[in-house]
Amino acid sequence: SLLGEPQKGLVISRFGQHADIENDQGELLRCDLRRTVSSIVAGDRVIWRANLTESGNHGVIEAVEERNSVLTRPDFYDGVKSVAANIDQIIVLSSILPELSFQIIDRYLVAIEQMGAEPIIVINKSDLIDEFERLKIDGQLDYYREIGYQVHWLSVKQKQGTTQLAELLKGKTSILVGQSGVGKSSLVNQLLPDAEILIGDVSDVSGLGMHTTTVARLYHLASGGDLIDSPGIREFALWHLAPEVIFDGFIEFEQYRHECKFRDCKHLNDPGCALKAAVQAGKIKAERLENYHKILESVASDKPAHKIDI
Ligand code: GDP
Ligand code: ZN
């Protein structure tokens, strides 16, 4: 078929052998994919050409630009599968009830560090505690601020902290992750009041029987910035983490990397361990070293990585 000049586009969502892209004029166009770009996902920046014969889809995607970051998940057939691309930052949503778990926060931080995106720690449901309790928890969160993370309080219910959060999302492509019940749907509904989200619209025959999946989609936020979202993305956990990257995920450990007496130091009860010494000197929070070992144990066990329930 007759094709127009190559143009730039942004992938809004990908399904099967098609993708919806947005052109420079902000129009949404359904395109076919060349076989060479079959792995594109929401967030990818692509080169496409309009279909001038006006039959079938609007165009063909011919090339994909190099990604800054990619979120992947284990796939039964492909090993790993891309889910979203060019994510700048990841909102790690936690809530103080039923309980605030620093171990879970640490697990997310490790996984995000490996992806090359910026994590933002957000604690929701601040309305459920009094000021005294909030200050106590905030003192624990100070450690994360000191080592370089952004930390924010939020009450989706009372719309407190939402303006500041919207400010952080401006000019960036973000995703939102967190355990069940922390308030992810509530927050997305507040950020995207007009979007028809959570509509599972693609059925695929996996050989394990029919099951519905939901497609990741890029949304433009009214206050600026983009959010890529799908139920699958929200559940992003410690997918296929290699033991070697866990140390890197504890960013404040880096300066002690070569300081232990023994090169193969396990940072447990090894003599001359610099990390242990740093804990004793109050430079590293003891719970962080404990969580390092817990996460290492959980990925070293021979469970498939995607079965790890965090
Ligand atoms: P998700 O599983 O992470 O998507 O969580 P939901 O958005 O479904 O929220 C779980 C429950 O927490 C719901 O009953 C919400 O109404 C409630 N919730 C969400 N945000 C807040 C909040 O800021 N304060 C309070 N008190 N409850 C909230
Ligand atoms: Zn050590």
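Because the model is predicted, local features need pLDDT of at least 70 and side-chain atom pairs count only at pLDDT 80 or more, while totals for chains, interfaces and linings use all residues. Residues are numbered from 1 along each chain as its sequence is written, chains are lettered from A and ligands numbered from 1 in the order in which they are written, and side-chain values use heavy atoms, with hydrogens and water left out.

**View 1. The shell of residues around ligand 1.** Of the 15 residues around ligand 1 (each with a heavy atom within 4 Å of it), Asp127, Gly181, Lys184, Ser185 and Ser186 come nearest. Helix α4, residues 184-191, gives the most to this shell, with three residues (helices are DSSP runs of H or I, at least four residues, numbered from the N terminus).

**View 2. Polar contacts of ligand 1.** Oxygen atoms of ligand 1 lie 2.8 Å from a polar backbone atom of Lys184, 3.0 Å from one of Lys157, and 2.6 Å from an N or O atom in the side chain of Ser186 (a polar contact here is a pair of N or O atoms within 3.5 Å). The protein covers 69% of the 580 Å² of accessible area that ligand 1 has on its own (Shrake-Rupley method, 1.4 Å probe).

**View 3. The packing of helices α1 and α8.** Helix α1 (residues 102-115) and helix α8 (residues 286-300) pack at an angle of about 65°, with their axes 10 Å apart (axes are lines fitted to C-alpha atoms over the stretch in contact, and angles run from 0 to 180 degrees between N-to-C directions). The two helices, α1 and α8, are therefore roughly perpendicular to each other (angles of 65 to 115 degrees).

Conventions
A polar contact is a pair of N or O atoms within 3.5 Å; within protein, one must be able to donate a hydrogen and the other to accept it, and residues adjacent in sequence count only if both atoms are side-chain atoms. Angles under 35 degrees count as roughly parallel, over 145 as roughly antiparallel, 65 to 115 as roughly perpendicular and the rest as oblique.
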